[in-house]
Amino acid sequence: MASGGSDSMKIALIPKEIREKTKSCFECGICTASCPMAELLQPHYNPRILLQKTLTEPEKTLNEDTLWLCAWCYKCYERCPQGLKPPEIFQLLKNEAVKRGFLEGFERAVSKIADVPLSVISLYTCFHPERANISVEKVAEALQKAAIIEEQIPGKAEANQRKKIAIVGSGPAGLTAACELAKAGYPVTVFEALPQPGGMLGKSMPAYRLPRKALESEIQLLEDLGVNMRVNQKVGKDVSFEQLWRNGYKAVFVATGAHKSRRVGIEGEDTKGVVDALEFLWKINMKEKITLGRKVGIIGGGNVAVDAARTALEYGAREATILYRRSREEMPANPWEVNEAEEDGVKLEFLVAPSKIMVKDGKTTGLECIRMELGELDETGRRTPIPVEGSEFSVELDTVIVAIGEEPETSFLPREIELDRGRVAVNPITMETSMKGVFAGGDVVTGSATVIEAVLAGIRAASSINQYLTKLKLEGGAY
Amino acid sequence: MTEKEAEEAPRIGVYVCHCGLNIAGTVNCEAVARFAATLPNVAISKDDRYTCSDQGQELIKNDIKEHNLNRVVVASCSPRLHESTFRKACEDAGLNKYLFEMANIREQCSWVHIHDKEAATEKAKDLVRAAVAKVALLEPAIETEVPITRNALVIGGGVAGIQSALDLADTGYKVYLVEKEPSIGGRMAQIDKTFPTMDCSICILAPKMSDVGHHPNIVLLANSEVQEVKGYIGNFKAKVLKKPRYVTDECSACNDCTEVCPVTVPNEFDIGLATRRAIYTPFAQAVPSTYIIDRGICLNKEGIMACDKCIQACERKAIDFDMEPEPLELEVGTIIVATGAEVYDPSSLTNYGYTRYQNVITSLEFERLINAGGPSGGNLIRPSDRKIPESVAFIQCVGSRSERGNPYCSNVCCMNTIKDSLLIKEHWPDVEIHVFYVDIRAFGKGFEDLYTRAKEEGVIFTRGLPAEIVEDRKTHNLWLIGENTLQKELYKINVGMTILSIGIQPCHDSDTIQRLCTLSRTLDGFFMEAHPKLRPVDAPTGGIFLAGCAESPKDIKDSVTQASAAAARAGILMAQGKVSVEAITPKTIPENCQLCGLCARVCPYNAIAVDKERKLVEVAEAACAGCGTCGAECQFEALHMRHFTDAQIMSQIDALVEEAPDEKIIAFCCNWCAYAGADFAGVSRMQYPPNVRIIRTMCSGRVSPKFVEHALSRGVGAVLVAGCHPGDCHYINANIQTRKRVEKLWKKMDRLGVDKNRLQLLWASAAEGEKVASKAKEMQATLKKLTPEEVEKGKQAFAGS
Ligand SMILES: Cc1cc2nc3c(=O)[nH]c(=O)nc-3n(C[C@H](O)[C@H](O)[C@H](O)COP(=O)(O)OP(=O)(O)OC[C@H]3O[C@@H](n4cnc5c(N)ncnc54)[C@H](O)[C@@H]3O)c2cc1C
Ligand SMILES: Cc1cc2nc3c(=O)[nH]c(=O)nc-3n(C[C@H](O)[C@H](O)[C@H](O)COP(=O)(O)OP(=O)(O)OC[C@H]3O[C@@H](n4cnc5c(N)ncnc54)[C@H](O)[C@@H]3O)c2cc1C
Ligand code: SF4
Ligand code: SF4
Ligand code: SF4
Ligand code: SF4
């Protein structure tokens, strides 16, 4: 074909501005080296090469399975010197592939994902084929084809190791490590504080994202592998950390996530009608009855705020408004989720900060707010919001949901384990903590992040624990 | 030519230049020339391949004589490029040079409408018509000459400033060298060795510094600050504040005082890697060598003497706590700006852990670390345990070539790393060295050899930058995690120390110097030259020159080359001893003057005085810069702005809207920023709608409301007034008046029911071609929605203007 023809195709596939900006990629490789999927599917998945291909041979990428292997964690964007957003560029081509009926790439991708632990969960929570209009049925079909489910019933792994391993927390990080270590033949026990395993996936993640069946069957797979799942066992309460050693565990993996909701620190925060987002979502997931007012305000700008807002609408609120103190560009929430929430009817108010909960007769009646403007860049590279004097105003609300971030709860850990700004400090290569034999990973180390990062942390930890228990020197240095 | 001749009926010669294919490739030059021949007063009209060539100029000269021409129009490139060339040709043929006018059909026509040949040709015709209309009204003028003060001011005492100062002083001019730090020397004094020759940096710099200190023609003002610059080419007045050192020239640099001083702080010169006292000298070779007391940390505060240790220790009685800041007023003819640059601060790149990990340092810190005069006595040690690391890594392009840092290549960091790697190999051959890069830029004389040598010495070059540095908390070794993009493999490499090859960026306070000297800056923040190719060391403001890293990131050799060039350029001016001032100052018309004094109030230079007693308004020609703000303010036509008269500008407007006025945008652009920006759009071949017609004024402050009203009364689609950014005005702050006038016009349009979107105000710097182009596009979109009724409304509203 004449080059002119393919050129005009390129124009059709990716809008000009995005294409021009993408050309600033100077192939430093930082994205690939930051990408959890690149590490999990090494060397098959390489976002840098894929990005280049979208520029040079966009047509060819339409059939690539790699197009579907991005897990939307935005790690690449966080560090890309050019501020490029590979997941969003890939999305444009996915849309086109689906439009043209090219689904082979997707199907091949699903069978690749099958190589990743918790593959079904991550397919729903990370890869988001639905964003390219791939229906749930199509996903199920692809899963069937990839035969993930059959393949993954390997039966109980042969217990050829004697050293016992304790895993604290049954979120994706804990489950992944359990899976890998059980496969390697170790006796693994998972301690979970809640009545059901799954971590945030079961606790607060909305069911519209992750079908409960998918979670349950993954957990069943683990139990089939021989993992000992002990629910209602909170380490630090039902069993002390020290006791784990006494009970003969030779290594511990701490994967307790980030479940402590940050408080806004304003007057009236303890009034009835003010709830924290994790708890709100949890109650919904537990099918507990909740009383939502007509008008719900959600304070925060992350994914949890967005999920809470959408869920509130789903469960009877007439109006759900997200109040965020910076502007749309600064929102940490995935832009996709934000757009979808808006389509659902969620309202967004930017550059506002709450200053007081308004209370009448012990009930929440509204929120006093102040307008903000953006000032200088702070250390995270975002512009700091500063209050505009005299811009106070109030909004009427029946319920206020607080979703301004989650932090790990670490009081149950022994003192020897060093913390870094409230999170467990580890060597991110080996996941080793400052205490011998104790490893940590997932949200408890990173603060609230994503499933795929938790999975990767579980894999890294499992490999280090294996090295540690077989007395190999840890590759990646000590803590 | 005598005045009598000029008053004769105009006989205009028009020359339409092809500029090879630069213009002729888009504009039908023959058609434009044929069209010009039909215009009033045009005696002859020709098109020519290269009008600026000798032959082209000869043609004009011959025609002037042969056809008795008394006006000339050249339609070619920007007047900012060749006006002086053609004016000279006219002068050679005996025609007063003010009887010449240019039509810019290249930068503002053929280059920006490449794909629309027809519209470009029509536009070129319009522009020629306007030039012909204006030229007919031009008047001959004699330029006044002003003497040039034969002193120079050099701002910044890095290697560039030092070189400029020495060159000028050696030529015989008096030079004031102002340096804000206690010593001259700049970055070069901090560097250990210099690429590509691996000379010891301070060893080659120190003699030059000392020459500066001893030169009879140089007044060295260290620890000083330029606070104000007034005046114009040849006649600047600069206010400099010489801050007190609290140590007199009696100081013999014996160091007795520092030994007793009880206060210790990190030393800026060693970037905090070593310490100094409150009384100190920044480094051993400092010039002036006189010590200085840092009153910020000295125990003696505000008149309370809590410590006299240094006073006691000083045998020469050189310490004087009563020293006062000394304000100086310097009269200079030329200024060289050599304020250098700063380095990028990598702390915001959290993935590299700079400041969090002890063994991650910057390349500048490394220079101090490895320097024999530095904190470690020249030993390669790493900060965490002061041991020689077994391996080190360099990371390139930190803060350069990226959206997160600065967009440009910092020019010196590749070679600096290669130099540093060779230095390590020379003394510690067993140290393993990794260089992580994206591109190695080794383009200069001797550079590639050095690069090859580094590879031969075993330095390992890996393409692909680390995504993250992880510290091993026990050993403080560092893991570098990245992708080798040539091998398409992830790497995880353990090293003892990492050096971030940080980029160079404009000084954080360069906006002050920019304002003081009315300079322009390019988008990357460095000072802009008058022409990137042909006047690379001239600032756009006459009499001011640029040298060194202040203009762009560069190495020492280029800084010195540029410094000598700047000195030569300044020297040429001063050798001439005089400079002629353009005859664009106003003349008063006493009959019309009502003595209202509005003109005097808006003049940024206080060049107009109202003498109520003698019933006179007087213009001090030497002080007047010719911005024309007064002319725009006068309601009574009592100020005649020479070469930019009301009548001349009105005639341009009329000529431009003769056909299809409602489809056109008249843009008034100031010479320094907006017009230059439009030229830049042309040079960059940015494409924008061809219906924009630019009229050049010296300053946007010249744009009188009646010009805008007149254009609207003639049914023009839209009007743009464009000038320098507030604060960047080349006439101090004349553009404040521009804004006021446009705002008033908006109100008036509102009142009269005329769509005020039809008048737009734009601030665009000379580097912001893109802004000019996108404004044109935006206005084109408004034009499309314009109804004939609306046009008529505007015509009626401003009828008679
Ligand atoms: C509402 C919501 C929506 C989200 N949506 C997405 C999404 O769409 N995609 C995505 O990638 N990520 C999403 N996330 C983030 C994702 O859920 C987390 O990043 C991930 O679950 C972290 O895994 P983890 O294993 O580190 O911790 P968790 O999943 O938090 O699991 C930790 C577990 O440890 C248990 N535990 C805590 N302390 C103890 C103790 N002392 N003893 C025993 N057990 C203990 C907890 O009960 C919990 O079950 C969402 C998060 C929330 C809150
Ligand atoms: C880490 C590093 C290593 C380098 N290595 C090499 C090398 O090996 N070889 C090489 O050729 N080049 C090297 N360079 C480049 C070299 O440093 C520059 O080319 C050179 O210093 C430029 O000189 P300058 O005079 O323009 O600016 P500077 O050296 O920056 O000097 C500017 C001076 O102006 C003063 N100043 C600033 N603002 C004002 C003001 N408002 N009023 C008064 N004074 C002011 C400053 O205090 C300073 O003294 C290196 C640069 C860096 C950062
Ligand atoms: S990090 Fe950015 S610049 Fe580097 S290779 Fe990836 S997309 Fe390109
Ligand atoms: S978003 Fe995450 S998974 Fe996708 S390419 Fe970037 S780093 Fe990889
Ligand atoms: S007077 Fe100030 S400078 Fe002198 S020794 Fe004391 S503290 Fe130091
Ligand atoms: S000189 Fe080299 S290291 Fe410096 S910015 Fe340019 S390419 Fe990068």
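How do the residues of the shell around ligand 3 divide into nonpolar, polar and charged? There are 9 nonpolar, 2 polar and 2 charged ones; here Ala, Val, Leu, Ile, Met, Phe, Trp, Tyr, Cys and Pro count as nonpolar, Asp, Glu, Lys and Arg as charged, and the others, Gly among them, as polar.

A note for every view: this is a predicted model, where local features need pLDDT of at least 70, side-chain atom pairs count only at pLDDT 80 or more, and totals for chains, interfaces and linings use all residues. Residues are numbered from 1 along each chain as its sequence is written, chains are lettered from A and ligands numbered from 1 in the order in which they are written, and side-chain values use heavy atoms, with hydrogens and water left out.

**View 1. The shell around ligand 3.** Ligand 3 is surrounded by 13 residues, with Cys25(A), Cys28(A), Gly29(A), Cys31(A) and Cys80(A) the closest (a residue is near if one of its heavy atoms lies within 4 Å). Two or more residues each come from α3 (30-34) and α5 (47-56) of chain A (helices are DSSP runs of H or I, at least four residues, and strands are E runs of at least two, numbered from the N terminus).

**View 2. Ligand 2 and backbone atoms of chain B.** Here 34 residues sit around the ligand, and Glu179(B), Lys419(B), Cys549(B), Lys554(B) and Ile556(B) come nearest. An oxygen atom of ligand 2 is 2.8 Å from a polar backbone atom of Arg187(B), and for Ala160(B) that distance is 3.0 Å.

**View 3. His128(A) in its loop.** Look between α10 (119-127) and α11 (136-146) of chain A for this one. His128(A) is buried, because its relative accessible area is 5% (buried means under 20%, exposed over 50%, partly exposed in between, with a 1.4 Å probe and protein chains only). Leaving aside residues up to four places away in sequence, His128(A) touches Trp72(A), Leu123(A), Arg209(A) and Glu337(A) (contact means heavy atoms within 4.5 Å).

**View 4. An open sheet in chain A.** Its 5 strands run in the order β3-β2-β1-β4-β18, with parallel pairing (two strands pair if DSSP finds at least two bridges between them). At the edges, β3 (228-230) and β18 (438-440) each pair on one side only. Inside the sheet, β1 (residues 164-168) and β2 (residues 188-191) share 4 bridges, and Ala166(A) has Thr189(A) as its bridge partner in β2(A).

Conventions: Polar contact = N/O pair within 3.5 Å; in protein donor to acceptor, adjacent residues only side chain to side chain.
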